[in-house]
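Dear colleague,

Please find the structure below. My notes on what was found in it follow.

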Amino acid sequence: MNAYFTYDSKLTEAYNTYQHILRAIQTKDYSLFLELINQPTGFKEFIPVFKTFKKYREEIKNTFETSYSNGPLECMNNHIKVIKRNAYGMRSFYNFKLRLSICLKESAFTSPKKI
């Protein structure tokens with residue numbers, strides 16, 4: 001452990017709580033996660049976070065139980081927005097679609113047809 005933790009026991013306790021929550025998320029142990037967020041905490045900084053966790057308990061449970069992620073879709077949306085920003089002023093929509101299909105390796109598009 002870091003030398004800073006030897007000076008303050010509350011900091012050590014907060015760090016350990018944080019690490020336990022991270023471990024529960026990484027191992028997808030929902031029962032441990034619920035146990036950790038339901039136990040009383042002496043840290044006022046954790047209260048709003050735990051309240052949010054409790055509010056979205058069912059959604060969090062679904063992420064623990066399934067392996068689905070919207071990460072690839074969000075990545076594609078980000079790429080499209082960056083290309084759109086770079087293509088500002090481009091006159092041809094066909095060229096814009098062509099650039100998207102090249103950059104995204106045609107993962108979401110078929111080859112565009114010229115209108």
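Is Lys-28 buried, partly exposed or exposed? Lys-28 counts as partly exposed, because its relative accessibility is 43% (buried means under 20% relative accessible area, exposed over 50%, partly exposed in between, with a 1.4 Å probe and protein chains only). Lys-28 sits in the loop between H1 and H2. Its phi is positive, about 55°, although Lys-28 is not a glycine. Most residues other than glycine have a negative phi.

Two notes on the source. This is a predicted model, in which local features need pLDDT of at least 70 and side-chain atom pairs count only at pLDDT 80 or more, while totals for chains, interfaces and linings use all residues. Residues are numbered from 1 along each chain as its sequence is written, and side-chain values use heavy atoms, with hydrogens and water left out.

Overall

The protein chain has 6 helices and 0 strands (DSSP runs numbered from the N terminus, helices being H or I with at least four residues and strands E with at least two). Of its 115 residues, 19% count as buried. Among the contacts in the protein chain with a separation of 6 or more, 37% come from residues 24 or more positions apart (contact means heavy atoms within 4.5 Å).

Helix H2

H2 with H4

H2 (residues 30–38) packs with H4 (residues 57–65) at an angle of about 150°, and the axes are 10 Å apart. Axes here are lines fitted to C-alpha atoms, for helices over the stretch in contact, and angles run from 0 to 180 degrees between N-to-C directions. H2 and H4 are therefore roughly antiparallel to each other (under 35 degrees counts as roughly parallel, over 145 as roughly antiparallel, 65 to 115 as roughly perpendicular and the rest as oblique). The crossing of H2 past H4 is right-handed (a crossing is left-handed if the near helix is turned anticlockwise from the far one by less than a right angle, and right-handed if clockwise). Tyr-30, Phe-33, Leu-34 and Asn-38 of H2 make the contact with Arg-57, Ile-60, Lys-61 and Phe-64 of H4.

H2 with H3

The axes of H2 and H3 come within 10 Å and cross at roughly 135°. H2 and H3 are therefore oblique to each other, and their crossing is left-handed. On the H2 side the contact is made by Phe-33, Leu-36, Ile-37 and Asn-38, and on the H3 side by Phe-50, Phe-53 and Lys-54.

H3 with H4

The axes of H3 and H4 come within 5 Å and cross at roughly 75°, so H3 and H4 are roughly perpendicular to each other. Phe-53, Lys-54 and Lys-55 of H3 meet Arg-57, Glu-59 and Ile-60 of H4.

One further residue

Val-49 lies in H3 and counts as partly exposed, because its relative accessibility is 39%. Val-49 and Ile-37 are 12 residues apart in sequence and 9.0 Å apart in space, C-alpha to C-alpha.

Regards
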